[in-house]
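Have it open in your viewer while you read.

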Amino acid sequence: MSLFVTLTSAESKRLIARAAARMPLVTERLGEGRKLLISQGSTAGYVLEEILGEKLDLKKTPCGCIAYGRTCRTPADRLGAVLLAGGERVVWPEKEKRRLAEEAAASLGREDLLIKGANAIDPAGFAGFLLGDAAGGLLMAFWRSHTVRKCPILIPVGLEKLIASVPEAERAMRGRDGYERSIGRGCGYAVVGDGVIVTEIEAIRLLSGCRATHVASGGIGLSAGSVVLSVEGEETRLDELFRLLKTIKGEPPLQEWKMDCTGCEKHCGLPMSMNSGI
């Protein structure tokens with residue numbers, strides 16, 4: 001049996017999040033003595049919603065963003081990273097959230113987990129991350145935990161972010177302050193080659209046991225960034241998947257939300273307010 005489906009960017013995020021939240025890699029980290037850190041990011045925000053079982057203001061989950069046709073940052077009143085210790089949410093003072101989140105990332109061990117979405121993936125299994133913060137942000141704070149203590153990282157990411165080669169992209173990047181001209185904030189770049197990547201393909205396999213193949217991408221208007229999938233599986237499993245997909249179809253797109261350009265130290269060549277569009 002077969003199934004053909006197109007998923008918008010938001011629908012993909014919901015599908016991926018639903019699968020990621022049910023993975024043993026995640027559920028086991030909700031037990032006593034373990035820590036689960038969910039980074040800032042749009043797809044990670046969907047995963048957090050699925051884990052907590054509550055609605056969030058998802059537009060406030062990213063820190064860096066691509067909005068109004070450029071790379072930028074969201075306003076300071078974003079949600080920030082969330083730490084679950086023994087399954088319970090740790091509440092941090094508002095003014096110390098960033099510092100404490102980075103300290104938590106640096107302290108994670110083999111039995112803990114970081115969930116962080118990527119800006120790029122490739123067929124070889126590499127994930128690429130744009131870095132807008134001068135110190136590298138949460139990912140660089142986590143780097144020692146990952147490389148020395150081998151804390152795992154789960155990377156929920158849609159196939160709309162598939163590129164030819166993440167290592168080649170890293171070599172091409174000039175760094176946060178390395179561009180003479182920029183439409184959008186310049187960024188650094190980090191590569192993770194041993195993360196657990198969950199795309200729509202893995203999500204469908206995890207949720208239904210069916211085999212999905214990415215056959216096309218694109219779209220116009222609110223369907224920009226959509227992915228088209230051809231799926232095969234046993235009839236009962238395909239029926240179950242079809243019912244699931246119908247509950248996900250119609251997921252509203254994330255609202256564009258970025259910092260006001262007034263007073264920004266990174267003049268990107270487009271001095272426009274946060275509401276002005278491209």
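Contact here means heavy atoms within 4.5 Å. Keep in mind throughout that this is a predicted model.

1. Leaving out residues up to four places away in sequence, Ile197 touches Ile121, Gly125, Phe126, Ala127, Ile155, Val157 and Glu202. The residue sits in strand S12, which covers residues 196–198. With a relative accessible area of 18%, Ile197 counts as buried, because the cut-off for that class is under 20%. Ala20 is 177 residues away along the chain from Ile197, yet the two C-alpha atoms are separated by 9.7 Å.

2. On confidence, the chain has a mean pLDDT of 93, and 95% of its residues reach 70 or more. The stretch to watch is residues 273–278, where pLDDT stays under 50. The model does have 13 contacts for that stretch beyond four places in sequence. Still, where pLDDT is low, the predicted coordinates should not be read in detail.

3. How many of the eleven residues of helix H3 are buried? Ten of them are, so the helix (residues 42–52) is largely enclosed by the rest of the structure. The buried set is Ser42, Thr43, Ala44, Gly45, Tyr46, Val47, Leu48, Glu49, Glu50 and Ile51. Note that Glu49 and Glu50 are on that list. These buried residues pack against helix H1 (9–20), helix H2 (24–27), S2, strand S5 (82–85), S7 and S10. Just after H3 comes Gly53, with a positive phi of about 70°.

4. Helix H5 (residues 137–147) has as its buried residues Gly137, Leu138, Leu139, Ala141, Phe142, Ser145 and His146. Why do they end up on the same side of H5? Because they cover an arc of only 160° around the axis. The cover over them includes helix H4 (97–107) and a set of strands, among them S2 (35–38), S7 (113–115), S9 (127–131), S10 (153–156) and S11 (188–192).

5. Now the pair H7 and H8. Helix H7 (residues 200–208) packs with helix H8 (residues 235–248) at an angle of about 120°, and their axes are 10 Å apart. The crossing of H7 past H8 is right-handed. On the H7 side, Ile204, Leu207 and Ser208 make the contact, while H8 brings in Arg237, Glu240, Leu241 and Leu244. Sorted by class, that contact of H7 with H8 has four nonpolar residues, one polar and two charged.

6. Two backbone angles deserve a look. Most residues other than glycine have a negative phi, and most peptide bonds are trans. Tyr68 has a positive phi of about 50° although it is not a glycine, and Lys150 has one of about 60°, again without being a glycine. Tyr68 lies in the loop between strand S3 (64–67) and strand S4 (70–73), whereas Lys150 is in the loop between H5 and S10. Tyr68 is buried at 12% relative accessibility; Lys150, with a relative accessible area of 42%, is partly exposed.

7. Is Lys116 buried or exposed? Lys116 is buried, with a relative accessible area of 15%. You'll find Lys116 in the loop between S7 and strand S8 (120–121). Setting aside neighbours within four places in sequence, Lys116 is in contact with Ser39, Gln40, Phe129, Leu139, Ile153, Leu154, Ile155 and Pro156. One of these, Leu139, is also among the buried residues of H5. Between the C-alpha atoms of Lys116 and Thr6, 110 residues apart along the chain, the separation is 24 Å.

8. Finally, two residues with more accessible area. Ala224, in the loop between strand S13 (211–218) and strand S14 (226–232), is partly exposed at 42% relative accessible area. Not counting residues up to four places away in sequence, Ala224 touches Gly218 and Gly219. Gln255 lies in the segment after H8 and is exposed, with a relative accessible area of 52%. In space, Gln255 and Leu58 are 8.5 Å apart, C-alpha to C-alpha, although 197 residues separate them in sequence.

Definitions and conventions: Residues are numbered from 1 along each chain as its sequence is written. This is a predicted model: local features need pLDDT of at least 70, side-chain atom pairs count only at pLDDT 80 or more; totals for chains, interfaces and linings use all residues. Side-chain values use heavy atoms; hydrogens and water are left out. Axes are lines fitted to C-alpha atoms, for helices over the stretch in contact, and angles run from 0 to 180 degrees between N-to-C directions. Helices (H or I, at least four residues) and strands (E, at least two) are DSSP runs, numbered from the N terminus. A crossing is left-handed if the near helix is turned anticlockwise from the far one by less than a right angle, and right-handed if clockwise. Ala, Val, Leu, Ile, Met, Phe, Trp, Tyr, Cys and Pro count as nonpolar, Asp, Glu, Lys and Arg as charged, and the others, Gly among them, as polar. Buried means under 20% relative accessible area, exposed over 50%, partly exposed in between (1.4 Å probe, protein chains only). The arc is that of the directions from the helix axis to the C-beta atoms. pLDDT is the predictor's confidence in each residue, from 0 to 100.
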